[in-house]
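Could you walk me through this structure, from its charged surface to its enclosed strands and the salt bridges between them?

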Amino acid sequence: MEISRFGLFLFTIAVLASPALSDLILSKVDRRIYLTSHIVRISSTLKVENVGPETVSEVLLAFPELQAKNLAYLMAIPHEGKAKKSLISLPVEVANPKDMPPASTFYSVSLPKGLAEGDSFMFDVLAVFTHALRPIPEQITQADIQLVVYQESAYYLSPYVVKVQSLSVKLPDSRIESYTKLENTKIHDSEIKYGPYENLPAFSYSPIVVHFESNQPFAVAQELVREVEISHWGNVQVTEHYKLVHGGAQSKGEFSRLDFQARPNVRGASAFRYLVANLPPRAHSVYYRDAIGNISTSRLWGDSKKTELWIEPRYPMFGGWKTAFTIGYGLPLQDFLYETEGKRFLNTTFSSPMVELVIDTLILKVVLPEGSSDISVAAPFPVKQWQETKVSHLDIDGRPVVVLVKNNVVPEHNQYFQVYYKFNKLSMLREPLMLISGFFFFFVACIIYMRADISISKSSPSYLAKQQWEEVQAAIQQFQNIISRCLTTHDKLEASLRDLSRTGDVQACKAARKTADGLLKELSKELKPLLTFLQSSPSAAQVLPKVEELVAKERELQEKLMVKHSTVVDGYEKKSGARDIENRVALQQQKIIALKQEVDDLVEFIDEI
């Protein structure tokens with residue numbers, strides 16, 4: 001605080017030593033400073049009078065250098081009384097007059113007509129400042145209120161002599177920690193009045209400091225990327241990406257959500273829970289989301305004049321806390337796109353629809369339809385601009401994008417601007433024709449595919465090889481069926497021997513042997529042509545050795561079974577004992593078991609092939 005006052009003292013010395021411009025005087029100055037939010041607005045009514053012999057066409061406005069760096073918006077309009085407000089603003093430009101103090105920044109206001117000797121003119125000046133309120137203390141707890149300091153001069157800083165001037169400071173609350181008391185200082189409720197002061201010389205400066213309570217939302221967007229995309233099919237899509245921070249006193253200590261929910265006006269007076277956005281009328285398809293997903297804590301209602309959106313972040317915003325979110329909505333094209341002199345132009349607002357939001361950096365992107373040309377921008381204030389290209393769905397060359405960038409943006413900047421461009425109506429048919437052509441060629445390709453014969457030629461070697469292998473597979477399948485029937489016959493023959501040992505019926509056993517002999521002979525006849533085919537086919541070279549081995553093993557197994565059967569039947573006819581019969585066929589039985597295992601292995605191997 002002492003350092004700031006010392007700086008103001010040095011500034012006072014500098015300006016008092018500066019010369020005055022003698023041709024003009026300010027016969028009356030009435031200033032009103034509004035500190036009801038974190039955006040400081042100073043409204044001044046000036047009556048300027050020419051007392052020199054030469055005609056004067058411009059008036060200089062002076063701001064201290066420390067104050068000028070926070071100046072976001074400056075406007076001058078003719079004064080037409082409290083009941084009327086002029087819609088015509090006066091041109092305001094940065095000026096560099098000679099022999100002026102270096103600690104000041106000057107702007108020149110061009111008058112509607114020159115002032116001759118003795119003439120006077122009244123006009124209003126609105127100056128908007130950001131980051132002009134400094135939190136004292138700089139860190140507070142959840143339960144503390146937020147106190148801020150504002151520094152100003154009780155006298156109007158001007159390069160001209162001031163005959164009469166007064167100042168009123170409007171605060172958000174009647175609780176005032178301290179303020180500078182000068183001559184003719186009055187306080188009433190939440191308003192402090194200084195003056196009137198008369199016959200002040202040029203560059204008069206009397207520093208004042210006000211320390212007061214302000215729990216208003218200090219909502220600051222460190223960066224806002226706003227994209228406006230035009231579609232000639234009837235819609236203007238607006239998408240806004242916010243990086244928001246609470247710009248007030250930094251929060252320290254622990255945060256208790258329970259205390260905040262129970263007494264939000266006491267245990268969180270300096271925090272803000274929601275923001276209000278005044279969207280254009282007839283806004284539709286509104287959404288509000290962040291990196292996690294959709295945020296449902298929002299309310300939307302509207303009428304014929306506006307659409308109001310209340311949004312609530314996922315957590316209350318205390319000093320220094322940050323959040324990031326996205327808002328999107330659609331607008332009717334006919335409300336914002338017009339045509340004149342062979343050109344189309346978009347007429348929409350420049351800044352954010354958020355109420356009382358300070359934007360450190362605003363990046364506005366206007367995405368025009370593909371094929372737009374001869375692009376120009378008309379903005380009511382200086383901005384940085386360039387063009388780039390955005391490639392989206394069904395684009396060939398990409399869509400031209402006009403990029404506008406401005407720093408230190410306040411709600412007063414939310415004025416209409418225009419983007420002019422030329423666009424051929426036939427270009428609107430580009431995307432529909434691309435879709436129609438795409439579907440047409442797709443269906444034509446399907447028709448050709450369904451009707452065309454794309455199979456392999458029957459005379460090609462690969463087709464013949466494939467056909468031969470299919471014939472080999474069919475022959476092997478028949479071969480496996482015949483072998484399976486032979487093995488089934490072997491099982492029936494052994495089953496007749498078990499029945500013989502149980503019943504002693506030799507005739508029945510002989511009958512089963514006779515049936516098996518006949519069936520095996522028929523199967524042998526069926527097997528011969530298959531073997532002949534496989535032996536003659538080159539495609540069967542891989543499986544033929546195993547097939548021949550399997551046939552040989554099956555015949556050997558068949559012979560062993562017949563010998564065993566004859567031995568057992570002969571023993572029963574000679575009335576030999578059961579143990580004696582078993583001893584006679586024991587060696588044969590071992591060979592039969594070994595052959596069955598070999599046959600099963602070969603059958604399994606052929607199945608795998």
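Predicted model: local features only at pLDDT ≥ 70, side-chain atom pairs only at ≥ 80, totals over all residues.

**From charged surface to buried strands**

Residues are numbered from 1 along each chain as its sequence is written, and side-chain values use heavy atoms, with hydrogens and water left out.

A patch is built from residues with over 30% relative accessible area and no salt bridge, joining like charges within 9 Å and nonpolar side chains (Val, Leu, Ile, Met, Phe, Trp, Tyr) within 5 Å. Lys and Arg count as positive and Asp and Glu as negative, with His and the chain ends not counted. Each charge is placed at NZ of Lys, CZ of Arg, CG of Asp or CD of Glu, and accessible areas come from the Shrake-Rupley method with a 1.4 Å probe, with only the protein chains shown counting as cover for residues.

There is a positive patch on the surface too, made by Lys 521, Lys 525, Lys 528 and Arg 555. Helix H6 (residues 506-536) supplies the largest share of this patch, 3 residues. Lys 521 sits in H6 and is exposed, with a relative accessible area of 59%; exposed means over 50%, buried under 20%, and partly exposed in between (1.4 Å probe, protein chains only).

Now turn to the strands. All 7 of the 7 residues of strand S25 (residues 343-349) are buried, so S25 is largely enclosed by the rest of the structure. In a regular strand, side chains alternate between the two faces of the sheet. In S25 both faces are covered, with Lys 343, Phe 345, Asn 347 and Thr 349 on one side and Arg 344, Leu 346 and Thr 348 on the other. S25 pairs with strand S24 (residues 337-340) in the antiparallel sense over 4 bridges; pairing requires that DSSP finds at least two bridges between the strands. Within this pair, Glu 339 has Arg 344 as its bridge partner. The two strands form a hairpin with 2 residues between them, and Glu 341 in the turn has a positive phi of about 50°. S25 is also joined by 6 bridges to strand S30 (residues 416-422), again antiparallel, where Tyr 420 is the bridge partner of Phe 345.

What holds charged side chains together here? The structure has 26 salt bridges, each a side-chain nitrogen of Lys or Arg within 4 Å of a carboxyl oxygen of Asp or Glu. In one of them, the closest N and O atoms of Arg 226 and Glu 240 are 2.8 Å apart. Arg 226 belongs to strand S16 (residues 219-231) and Glu 240 to strand S17 (residues 235-246), so the pair ties together parts 14 residues apart in sequence. Arg 226 is buried at 3% relative accessibility, and Glu 240 is buried at 0%.
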